[in-house]
Amino acid sequence: MGATIISPTFLSAYLLLLCLVCSLKEGYALGRRATVAESHHLEHSHTIQVSSLLPSSICSLATKVLDKKSSLQVVHKHGPCSQLYHHDKANIPTHAEILLQDVARVKSIHSKLAKSLGSTKVDQTDAANIPAKDGSVVGSGNYVVTVGLGTPKKDLTLIFDTGSDITWTQCQPCVGTCYKQQDPVFAPSLSSTYSNISCSSTTCNSLASATGNTPGCSSSACVYGIQYGDSSFSVGIFAKEKLTLTSTDVFDDFPFGCGQNNQGLFGGAAGLIGLGRDKLSLPSQTASKYRKYFSYCLPSSSSSTGFLSFGYGGVSKFVKFTTLTTISQGTSFYGIDIVGISVGGKKLPISASVFSAGGSIIDSGTVITRLPPTAYTALSSEFRKLMSQYPKAQPLSILDTCYDFTKFSSVSVPMISIFFRGGVEVPIAAKGILYVNTISQVCLAFAGNNDDTDVGIFGNTQQKTLQVVYDGVGGKLGFATGGCS
């Protein structure tokens, strides 16, 4: 029987069918790959309603304060939840001014660390050359709490700052100048529990490490002076007074600065609470009760509230701890080891040595997280790649990766996580990834330092909605997501 001969017509039809099946298979595989890539992108991104990016003009109070007993309400000083906002709406700074103030704060931190090293790398005058508006704060941060001072107790709204050590408030009489504040200026003569600290005491001598300035003496009373990253300062009598944090948490003989010559725009706040690591800071002075243990949650926007809690109560059981380190040049800062960053679920190829070159601190008063330039370049280029569908916008001050969302009702933004020593991954909340000037100018809320050897700073925008737990005795820093709204 002879071989079967396939007709040329059948052969070409069959080959055509094979090609069709092949291309269908290939198309299916490509489509599947695209779907997988798309679902990976969606799985590792936040979908954000554009209308939610701007803060409301109405305050929404937090429903979640884990332990009311030793907790204070935290509000943004420029938002509707703050009395300061209603007191002085006309002087609320623009975002460009806030970022300029942030540059001054970061310069002053870098300058302080370089000065301690005896280095000339940072221009010492640089940090003080930004023009201060009548009372410009630059040194201190955006979040405030209200505490009581004296007997009878007077309520004072103070900025809280983990990068500062001493607590101070403006006091009568204002021998020099006092800037405008919302609360009545504290009058020590009307309090039965006020007393001066003598200039020969060890407490007075401790001021040098807490403020960076040698204390003075005025008719045997200890005189303190502290200046911040712009030209703002507070000078006055270092004294003791009854401090009331909550109705059950009252401390006698708490050392504080009674400022008689103060300048700076502290946003109408009456002064500052120092939460640093020096022995004159509030955590150290209340250590017998709280064991240097405190936590806070910064709200997602200036129209909501967070908390500042002291002691072990109310800490989320989902907290993950990394080790606190000490920056040798600035022992009052809370040092941390950042070891990596991921964007859109992908770990960036940055060597850990890039982060360790300058070390890092966490700071409640710095607005924008500062990264080594090598790390920032890797972060922003990956972010831009994943945001290529959105039109670019002009840079805003130090923020160079900005977008115009005016034509969108919702946007998809890649998730970002920061990795700390000990395998601790901290996912940044959606509101902590972006800094919003207007809907037509929404920027990646990170910036690069000038040099990889400059200290990195984990700033307050990236801390939003995290419960951040400081364990000073245990030498640990913890993070839990969803601490407040």
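1. Gly257 is located in strand 10, which covers residues 249-263 (strands are DSSP runs of E with at least two residues, helices runs of H or I with at least four, both numbered from the N terminus). With a relative accessible area of 0%, Gly257 is buried (buried is under 20%, exposed over 50%, partly exposed in between, for a 1.4 Å probe and protein chains only). The model is predicted: local features need pLDDT of at least 70 and side-chain atom pairs pLDDT 80 or more, while totals for chains, interfaces and linings use all residues. Residues are numbered from 1 along each chain as its sequence is written, and side-chain values use heavy atoms, without hydrogens or water.

2. Strand 10 also holds Asp253. This residue is not a glycine, yet its phi is positive, near 55 degrees.

3. Lys292 sits in the loop that runs from helix 7 (287-290) to strand 12. Its relative accessible area of 31% places Lys292 in the partly exposed class.

4. Pro173 is part of the loop that links strand 5 (168-170) to strand 6 (195-196).

5. The unreviewed UniProt entry carries the annotation "active site" for Asp161 and Asp363 (such annotations may be inferred rather than shown by experiment). The two positions are spread over 203 residues of sequence but cluster in space, the largest C-alpha distance being 7.5 Å. Asp161 belongs to strand 4, residues 154-161. Asp363 is found in the loop from strand 18 (360-362) to strand 19 (369-371). The relative accessibility of Asp161 is 0%, so this residue counts as buried. Asp363 likewise has 0% relative accessibility and therefore counts as buried.

6. The side chain of Asp161 reaches the backbone nitrogen of Gly163 at 2.9 Å. A further polar contact, at 2.9 Å, joins the side chains of Ser301 and Ser303 (a polar contact is a pair of N or O atoms within 3.5 Å, one able to donate a hydrogen and the other to accept it; neighbours in sequence count only through side-chain atoms). Ser301 is placed in the loop between strand 12 (293-297) and strand 13 (306-310). At 15% relative accessibility, Ser301 is classed as buried.

7. Helix 6, residues 282-285, contains Pro283. Its relative accessibility is 4%, so Pro283 counts as buried. Pro283 and Gly472 lie 189 residues apart along the chain, while their C-alpha atoms are separated by 8.1 Å.

8. The second largest pocket has a volume of about 640 Å³. A pocket is an open set of points on a 1 Å grid where a 1.4 Å probe fits, with protein on both sides within 12 Å along at least five of seven lines, and lining residues have an atom within 4 Å of a point; the volume is the space filled by probe spheres set on the points. There are 32 lining residues, and Pro55, His76, His95, Ser302 and Val436 are those nearest the centre. Two or more lining residues come from each of helix 3 (95-116), helix 10 (430-433), strand 25 (434-438) and helix 11 (460-463). Strand 25 gives the largest share, 4 residues.

9. By class, the lining of this second largest pocket comprises 15 nonpolar, 15 polar and 2 charged residues (Ala, Val, Leu, Ile, Met, Phe, Trp, Tyr, Cys and Pro are nonpolar, Asp, Glu, Lys and Arg charged, and the others polar). Domain 1 (67-111 + 121-309) and domain 2 (316-480) both contribute lining residues, so the pocket lies between them (the bounds come from an automatic or database domain assignment).
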